[in-house]
Amino acid sequence: MRYFIITGASKGLGEGIALALLDEDHHLFCISRSENKDLKKLAVARNCKLDFHLFDLAVSMDIDSLAELIFTDIDKSKAEGVYLINNAGLIDPVKRVEDCSAEAVDMHMRVNLIAPMLLSSAFIKHTAGIRAEKRILNISSGAASNPYYGWSCYCTGKAGIEMFGRCITVEQEDEDYPVQTMSVAPGVIDTGMQETIRSTNERDFINREKFVDLKESGQLVPPGMAGKKLAGLLLSPKFRDGQAIDIRDSY
Ligand SMILES: NC(=O)c1ccc[n+]([C@@H]2O[C@H](COP(=O)([O-])OP(=O)(O)OC[C@H]3O[C@@H](n4cnc5c(N)ncnc54)[C@H](OP(=O)(O)O)[C@@H]3O)[C@@H](O)[C@H]2O)c1
C-alpha cells in the first residue's frame with residue numbers, strides 16, 4: 001500500500017494530483033478547509049481509500065495533532081511508500097510591501113511556509129521506523145527564484161520552502177531509508193489562484209495583463225494535466241532528491 005498526504009486537494013492543482021493518484025493500492029489523506037465530494041465519489045468508484053481532513057493550515061499549533069491522527073491510519077508494516085505533497089497555498093496579499101497588513105503577511109506565511117515545514121517535520125518523525133520509499137514533494141513556483149512586483153510574500157514563501165526541502169535532504173543523507181524532498185514549479189495552471197491574480201489591480205500587481213493574456217490565449221495548463229505529470233514524477237526514478245526544478249524545463 002502507498003500512502004499520500006495531500007494538502008489543498010479540494011480544488012485546483014491539488015485536486016488534479018489527487019485524481020491522478022486514485023488507485024486501489026493507494027490511500028489518500030486530503031487536507032483542506034472544504035471537501036470535494038466528487039473526488040470522494042470517484043475514489044469509491046475506483047476502490048481507492050480516501051479520507052478528507054477538514055483543517056485550516058493557518059492554525060499552526062494544531063498541525064502536529066492532525067499528523068498524529070493521520071498516521072494512526074497508516075499501517076507502517078504494509079507501507080511500500082509514504083508521500084507528503086505540500087500543495088495548499090494562497091497568493092494574497094498581492095500588494096507592494098508597505099501596503100501589506102501584518103495580518104495578511106502572517107496568514108500567508110502560516111499557510112505557504114510554516115504549515116509545509118511543520119507537516120514535513122511531523123512526516124519525518126512519524127515515518128522514522130518505516131523501511132520504504134519516503135518522499136516530500138513541495139509545490140513551488142517560478143516566483144521562488146524570480147522577484148515579482150506585488151508578490152513579496154508569495155516569492156519569499158516559495159523560496160523558503162525550496163531551501164527548507166534542501167535542508168531536509170542534507171539532514172537525511174546518512175539515513176538507511178531517507179526522506180527525499182523535491183520542489184517543483186508546476187507551470188501556469190488554470191485554477192482559482194489564477195482567477196485571483198487576474199482580479200488584482202494593475203497598481204498592486206504590474207504584471208497583471210500578462211496573466212490575463214495567458215488565459216485569453218489558452219496558455220493555462222488544465223489542473224488535471226499538471227496533476228498527472230506531478231504524480232508521475234513523485235513516483236518515478238526521476239524524482240531528484242534535494243532539487244528544485246521547473247517542470248516546464250525538465251518534463
Ligand atoms: N495556479 C498556478 O498557476 C500555480 C503556479 C505555480 C504554483 N502554484 C502553486 O500550486 C499550489 C496550488 O495552487 P492552485 O493554483 O491549485 O490554487 P487554488 O485553486 O486556489 O487551490 C488552493 C488549495 O489550497 C487550499 N488552501 C488554501 N488555504 C488553505 C488553508 N488555510 N488551509 C487548508 N487548505 C488551504 C485550498 O483549499 P480550501 O479552500 O478548501 O481550504 C485549495 O485546495 C499552490 O502552492 C500554488 O502556489 C500554482
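Let me start with angles: under 35 degrees counts as roughly parallel, over 145 as roughly antiparallel, 65 to 115 as roughly perpendicular, and the rest as oblique.

First, the ground rules. This is a predicted model, where local features need pLDDT of at least 70, side-chain atom pairs count only at pLDDT 80 or more, and totals for chains, interfaces and linings use all residues. Residues are numbered from 1 along each chain as its sequence is written.

Now the whole protein. It has nine helices and seven strands. Helices (H or I, at least four residues) and strands (E, at least two) are DSSP runs, numbered from the N terminus. The radius of gyration is 18 Å, close to the 18 Å from the globule rule for 251 residues, so the protein is as compact as a globular protein of that length. That radius is taken over C-alpha atoms, and the rule is 2.2 Å times the number of residues to the power 0.38. The C-alpha trace spans about 55 × 40 × 35 Å along its principal axes.

On to packing. Two packed helices are described by the angle between their axes and the distance between the axes. Axes are lines fitted to C-alpha atoms, for helices over the stretch in contact, and angles run from 0 to 180 degrees between N-to-C directions.

Pair one: helix α3, residues 63-71, and α4. Their axes are 9 Å apart, at an angle of about 40°. So α3 and α4 are oblique to each other. On the α3 side, the contact uses Ile 63, Asp 64, Ala 67 and Phe 71. Contact means C-beta atoms, placed from the backbone, within 7 Å. The contact residues are eight nonpolar, one polar and one charged. Ala, Val, Leu, Ile, Met, Phe, Trp, Tyr, Cys and Pro count as nonpolar, Asp, Glu, Lys and Arg as charged, and the others, Gly among them, as polar.

Pair two: α4, residues 102-126, and α5, residues 152-172. Their axes come within 10 Å and cross at roughly 15°. Therefore α4 and α5 are roughly parallel. This contact has nine nonpolar, five polar and no charged residues.

How values were computed:
Two residues are in contact if their C-beta atoms, placed from the backbone, lie within 7 Å.
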